Amino acid sequence: MRIVVCIKQVPATNDAVIDPETKRIVREGVQAILNPFDTYAIEEAVRLRARLGGGEVIAISMGPPRAEAVLREAVALGADRGILLSDRAFGGSDTWATSYVLSQAIRTLGNVDLVICGKQAVDGDTAQVGPGIAAHLDWPQAALVSAVRESSTKRLVVVRMHEDGHDVCELLLPAVLTVVKGINVPRVPSLKGVLTARTSEIPTWTPGTIGADPAKIGLDGSPTRVVRTAPPPPRNKASLRFTGTAEVCAGGLLRELRKRSLL
Amino acid sequence: MKEHIEKRAYHVEILPPKQDSAKLDADLAGFAEKYRRVMASGYCACITDNAMGHLAFQGHEVIEELKLAVPPGQVMIHLNTFHTRENLDEILVACRRQGIRHLLVISGDGSDRLPKLQPADVGATDVEAVTSVELLRYIHRKYPGDFETGVAFNPYEPPEHEFAKLARKCAAGATFVITQPVIAKHPVVDRLLAATKLPVVLEAWMSKKLHLLSQAVGYEIPEDTPFDPIATLRLLHQLYPACGMYLSLLGFKTQYDLIRDTWSVPSGKETR
């Protein structure tokens with residue numbers, strides 16, 4: 001079984017600086033890390049490989065050259081190899097163009113049975129790339145997967161979350177999943193894994209490598225534009241404190257919630 | 001453990017390289033140098049397990065990767081409850097394969113990045129959280145006879161509570177005790193030695209920065225408090241001749257050669 005995990009390198013800080021011209025997050029000079037949700041994707045892929053008695057887990061990432069670091073981290077965490085998709089032409093891609101690039105890489109790899117992504121990247125927070133990949137590939141998808149109940153080389157039965165709770169669905173492979181925190185407990189990299197990852201070859205693929213249509217990548221391939229990026233307004237920090245016995249406090253809380261039409 | 005004390009073998013704490021080390025090769029080389037030095041001295045290397053919640057590589061994997069020898073009885077691994085069950089079993093199987101028999105079993109310091117054993121993982125049905133007691137039971141149930149398991153004892157905690165915990169740990173399979181740092185004669189340590197027949201190893205604080213113990217001892221130690229670790233170690237040997245010594249924060253460059261002559265067998269005193 002061949003499993004592809006799509007990962008992203010994201011800024012390590014909550015104090016994002018926005019470029020006033022491009023309206024995008026400034027990444028140069030900022031410490032970067034593996035998108036936290038992607039660690040769950042990598043772990044799930046590695047577990048599925050073990051559960052299904054073998055196969056290959058390939059981590060791919062679209063980003064600048066320094067994104068190679070997160071691919072090495074993926075190898076340290078158990079992926080068999082990594083591939084970097086990096087070229088100036090990819091720059092400025094929105095989620096649609098990004099998912100197109102990733103889907104082209106998946107096509108180029110060939111014989112891919114499953115694509116797993118983290119729920120969302122913590123810098124963009126759109127959660128659109130995984131579903132976008134499925135759309136480009138015309139594969140079935142399940143987003144916000146919290147558990148894989150059954151697995152074989154032909155099908156998966158997964159639990160996925162939605163606003164009202166969760167449902168259980170079956171997907172025939174090949175398919176795309178996005179996974180949530182809590183689907184597993186990501187392993188800590190082993191020393192062997194880290195040392196192996198240091199010397200792993202991480203090839204860089206360009207638009208030519210993946211046969212990308214220039215009109216579908218970068219800014220040209222992005223139907224959306226970032227108009228404005230701003231931190232959310234500060235939350236109302238007012239608070240109420242209830243004192244007294246548990247019953248008194250509970251009664252006070254209940255009255256307050258009803259007063260605010262929250263209950 | 002008794003044989004360590006009889007042979008005057010210090011327990012020397014060595015921290016493995018951290019996961020986020022920017023100079024991993026140098027850190028691995030430094031670990032190997034310290035380890036080999038401890039082995040050559042006939043002492044016991046005690047390798048920590050994500051100490052203070054800082055992600056580090058595991059002792060058994062560093063030993064394996066660096067192809068370090070494991071002379072019988074000269075390696076002790078700390079093992080805490082912040083692992084997955086799979087990882088815990090990997091560690092124990094690896095230790096058994098490498099001939100590492102001594103484990104210091106502790107509850108441990110967690111962090112966001114570290115998973116925590118759940119009661120169901122270790123077959124504990126009567127608790128809400130896994131402590132060193134449940135971990136001890138699991139080790140002895142699943143790996144009977146493979147390991148000698150030590151436990152921690154904190155003389156600075158409320159004594160009745162700490163002795164009750166020790167009793168539970170002993171019932172779960174503990175065969176030796178290692179204390180928190182001791183720097184002088186301590187009534188709770190005296191009580192411990194009177195209360196148990198198990199070998200007791202006292203932690204000797206080898207850093208001159210005594211104030212770093214403030215949190216452990218529960219009162220503020222001024223930063224400029226003078227402290228001579230080597231002299232204190234000699235004092236501990238005199239005060240507690242039947243105890244082993246666990247050396248934490250030992251300076252390998254400045255102190256290692258000095259400890260060689262600090263442990264002399266007092267006449268007429270038997271080990272525990």
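This is a predicted model: local features need pLDDT of at least 70, side-chain atom pairs count only at pLDDT 80 or more; totals for chains, interfaces and linings use all residues.
# Two chains and where they meet

Just after α2(A) sits A:Gly78, which takes a positive phi of about 125°.

The same helix α2 also gives us a pair of charged side chains. A:Glu68 and A:Arg72 meet in a salt bridge, with 2.8 Å from N to O. Why is their spacing in the sequence worth a look? The two are four residues apart in helix α2 of chain A, so about one helical turn separates them. In general, an α-helix has 3.6 residues a turn, so residues three or four places apart point the same way.

With 9% relative accessibility, A:Val157 counts as buried, since the cut-off for buried is under 20%. Setting aside neighbours within four places in sequence, A:Val157 is in contact with A:Ala147, A:Val148, A:Arg149, A:Glu150, A:Val168, A:Cys169 and A:Glu170. For a sense of distance, A:Val157 and A:Leu77 are 80 residues apart in sequence and 25 Å apart in space, C-alpha to C-alpha.

One of those contacts of A:Val157 is A:Glu150, and A:Glu150 has a salt bridge with A:Arg155, at 3.3 Å from N to O. A:Glu150 counts as partly exposed at 41% relative accessibility, and A:Arg155 is partly exposed at 28%. Another salt bridge links A:Asp167 with A:Arg160, their closest N and O atoms being 2.9 Å apart. Here again both partners are partly exposed: A:Asp167 has a relative accessible area of 25%, and A:Arg160 has 30%. Salt bridges can also share partners, and in that way A:Arg2, A:Glu56 and A:Arg81 are joined into one network. Over all chains, the structure holds 23 salt bridges.

Let's turn to chain B. Its secondary structure comes to nine helices and eight strands. How does its radius of gyration fit the value for a compact globule? For 272 residues, such a globule would have a radius of gyration near 19 Å, and chain B has 18 Å, which agrees. Its C-alpha atoms fill a box of roughly 45 × 45 × 40 Å along the principal axes. Of the 272 residues of chain B, 53% count as buried. Looking at contacts in chain B with a separation of 6 or more, 76% come from residues 24 or more positions apart.

As an example from chain B, take B:Gln98, in helix α4 (residues 85-98). This glutamine counts as buried, with 16% relative accessibility. Its side chain makes a polar contact with the side chain of B:Glu64, at 3.2 Å. Beyond its neighbours within four places in sequence, B:Gln98 is in contact with B:His60, B:Ile63, B:Glu64 and B:Val70.

Finally, how do the two chains meet? The contact takes twelve residues from chain A and 13 residues from chain B. Together they bury about 1000 Å², 62% of it on carbon and sulfur atoms. On the chain A side, A:Val188, A:Leu191 and A:Arg198 lose the most area, together 50% of what that side buries.

This is where helix α5 of chain A returns, because A:Leu195 is found there. A:Leu195 touches B:Leu24, B:Leu28 and B:Glu65, not counting residues up to four places away in sequence. At 18% relative accessibility, A:Leu195 counts as buried.

How many salt bridges cross the interface of chain A and chain B? The rule finds one, and its partners are A:Arg198 and B:Asp25, at 2.6 Å from N to O. There are also three residue pairs in polar contact between the chains. By class, the chain A side that touches chain B has eight nonpolar, one polar and three charged residues.

Methods. Residues are numbered from 1 along each chain as its sequence is written. Chains are lettered from A and ligands numbered from 1 in the order in which they are written. Side-chain values use heavy atoms; hydrogens and water are left out. Contact means heavy atoms within 4.5 Å. Buried area is the accessible area (1.4 Å probe) that two parts lose on being put together, summed over both. A salt bridge is a side-chain nitrogen of Lys or Arg within 4 Å of a carboxyl oxygen of Asp or Glu. A polar contact is a pair of N or O atoms within 3.5 Å; within protein, one must be able to donate a hydrogen and the other to accept it, and residues adjacent in sequence count only if both atoms are side-chain atoms. Ala, Val, Leu, Ile, Met, Phe, Trp, Tyr, Cys and Pro count as nonpolar, Asp, Glu, Lys and Arg as charged, and the others, Gly among them, as polar. The radius of gyration is taken over C-alpha atoms; the globule rule is 2.2 Å times the number of residues to the power 0.38. Buried means under 20% relative accessible area, exposed over 50%, partly exposed in between (1.4 Å probe, protein chains only).
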